[in-house]
Amino acid sequence: ERLDWQDAYPSLRVSNRGIGSDTTLGILARLDDVEAQSPRAVALMAGINDISIGRSTDEIIETYAELLDELSHRLPDTALVVTCVLPVTAAHSIDNADVQALNVRLQPLCKEKGVAYVDVYSEFCDADGDLSAALASDNVHPNISGYLVWLQALDTALSGALM
């Protein structure tokens, strides 16, 4: 929601479905809208808000599995890319151990489902393992420098689907 993705990919038609404070359950509930657009690629980063409302790693992974299955079923010719959940700053109420626990389960889930996984977690960490102030706009969201790190990784993961 915080980046103009159309500006990031000016030669493509981009539909940003990011909604602040959304969860994997919210995304799952809105798949009809995604399907209706017949995208060539779907890039997904979700889970931090699930953690913040107290959903367990098991619950989040279960929803992610359903989400990836639904996307694959509804959009079989669409490239799917999942980005790891990013760390938060030390000032945030979420413990990065919970974020890492989710990512540890998310990567093999993506492999099992045949979905590309982008891991930029360590690139966003400071020396203490928290979200680097140089890449953060607040305690959880990237700033423009952080988005550039993410975009570079996405470009690599999406290049085959979009070129």
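Before you click, note that the model is predicted: local features need pLDDT of at least 70, side-chain atom pairs count only at pLDDT 80 or more, and totals for chains, interfaces and linings use all residues. Residues are numbered from 1 along each chain as its sequence is written, and side-chain values use heavy atoms, with hydrogens and water left out.

**Stop 1: the aromatic rings**

Select Trp5 and Trp150. Their rings form an edge-to-face aromatic pair, 5.1 Å centre to centre with 85° between the planes. (Rings of Phe, Tyr and Trp, the last by its six-membered ring, pair if their centres lie within 6.5 Å; planes under 30 degrees apart are stacked, over 60 edge-to-face, and the rest tilted.) This pair links distant parts of the chain, with Trp5 in helix H1 (residues 5-8) and Trp150 in helix H7 (residues 144-162), 145 residues apart. Helices here are DSSP runs of H or I with at least four residues, strands are runs of E with at least two, and both are numbered from the N terminus.

Are these two residues buried or exposed? Trp5 counts as buried because its relative accessibility is 13%, and Trp150 is buried too, at 10%. (Buried means under 20% relative accessible area, exposed over 50%, and partly exposed in between, using a 1.4 Å probe and protein chains only.)

Tyr147 and Trp150 are a stacked pair, 5.8 Å centre to centre and 20° between the planes. Both lie in H7, three residues apart, about one turn of the helix. Together, Trp5, Tyr147 and Trp150 form one aromatic cluster.

Stay on Trp5 and show its surroundings. Leaving aside neighbours within four places in sequence, Trp5 is in contact (heavy atoms within 4.5 Å) with residues including Val14, Asn16 and Leu154. Trp5 is also one of the residues that touch the most other members of the largest nonpolar core, a group of 50 residues. Such a core is a set of buried Ala, Val, Leu, Ile, Met, Phe, Trp, Tyr and Cys residues joined through side-chain atoms within 4.5 Å. In soluble globular proteins, nonpolar side chains tend to be buried together.

**Stop 2: helix H5**

Select residues 57-74. This is H5, whose 18 residues reach 25 Å from first C-alpha to last, close to the 26 Å expected at 1.5 Å a residue. (The expected span is 1.5 Å times one less than the number of residues.) Colour its buried residues, among them Ile60, Tyr64, Leu67 and Leu71. The buried residues of H5 pack against several elements, including helix H2 (24-29), strand E1 (41-44) and helix H6 (96-113).

**Stop 3: strand E1**

Move to E1 and look at its side chains. How many bridges join E1 to E2? There are four, and the two strands run parallel. (Two strands pair if DSSP finds at least two bridges between them.) Pick Ala43, and its bridge partner in E2 is Val81.

**Stop 4**

Return to H7 and select Ala157. Ala157 counts as partly exposed because its relative accessibility is 31%. Apart from neighbours within four places in sequence, Ala157 is in contact with Val81 and Val118.

Finish at Ser132, in the loop between strand E3 (116-118) and H7. Ser132 is buried, at 14% relative accessibility. Beyond neighbours within four places in sequence, Ser132 is in contact with Phe124, Cys125 and Asp126.
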